[in-house]
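Thank you all for coming.

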Amino acid sequence: MSTIAENIAKVGARIREAAQASQRNLTDIGLLAVSKTKPAAAIREAHAAGLRDFGENYLQEALEKQTELSDLPLIWHFIGPIQSNKTRPIAEHFDWVHSVDRLKIAQRLSEQRPAHLPSLNICLQVNVSAEDSKSGCSPEALPELAKAVAALPNLRLRGLMAIPEPTDDIAAQHAAFAHLRQLRDDLALDLDTLSMGMSHDLEAAIAEGATWVRIGTALFGARDYGQPTH
Ligand SMILES: *Cc1c(COP(=O)(O)O)cnc(C)c1O
């Protein structure tokens, strides 16, 4: 078995155990493989081992890998910060966008989504750690943003996403994820998605209701940012 296939088995076991521990249905929890900085060959290997959904943060890098992998039926998720002049290729080449945090970006994605494609699945990124440096809309701004995005054509608002401040404090991990779930539940919208949990905190995220866990390091190994890939 390759290292990636072994890692997928290990992450799968962690997800299964976490689902069991919180009596959740395994089919309600998706594994999104975060392949940023990793070569197309790694994605091909992960696909051969059973994965289908891949998350990318850097547009140019993602487009190059998509071209190389166009023979595979992959589902692509954009999870990185979005500049407004980059929305068109995102609207054209992705199935999901997890990192929408302002209306202008959503409006552009809506206008630029090609008519022959299904609605673009959207998660609103929320800053649940109240850190100035992080992207994500504030919990206070969320209700108005969600209402406006839900009304846009060519988009399907699915739920919320967060990247809480990394911490080894398990109680703090639970608190941040529970906060995101509460924000989702408080919106009077029919939202089925919570994109939360990464390699180090997927257990807490699943316990608090994650429907996508976004896993990079635990699947593909540590990232090397020494060689710029974008
Ligand atoms: C890089 C990244 C991940 C994956 O993080 P790991 O700790 O490597 O699992 C998940 N979500 C987002 C938005 C990321 O940028």
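This is a predicted model: local features need pLDDT of at least 70, side-chain atom pairs count only at pLDDT 80 or more; totals for chains, interfaces and linings use all residues.

Let me begin with the backbone: a polar backbone atom of glycine 216 lies 2.8 Å from an oxygen atom of the ligand, a polar contact being a pair of N or O atoms within 3.5 Å. The protein buries 91% of the 390 Å² that the ligand exposes when taken alone, with areas from the Shrake-Rupley method and a 1.4 Å probe. Residues are numbered from 1 along each chain as its sequence is written, and side-chain values use heavy atoms, with hydrogens and water left out.

Turning to side chains, an N or O atom of lysine 36 is 2.7 Å from an oxygen atom of the ligand, and one of arginine 214 is 2.9 Å from a ligand nitrogen atom. The shell around the ligand comprises six nonpolar, four polar and three charged residues, where Asp, Glu, Lys and Arg count as charged, Ala, Val, Leu, Ile, Met, Phe, Trp, Tyr, Cys and Pro as nonpolar, and the others, Gly among them, as polar.

Notes: A polar contact is a pair of N or O atoms within 3.5 Å; within protein, one must be able to donate a hydrogen and the other to accept it, and residues adjacent in sequence count only if both atoms are side-chain atoms.
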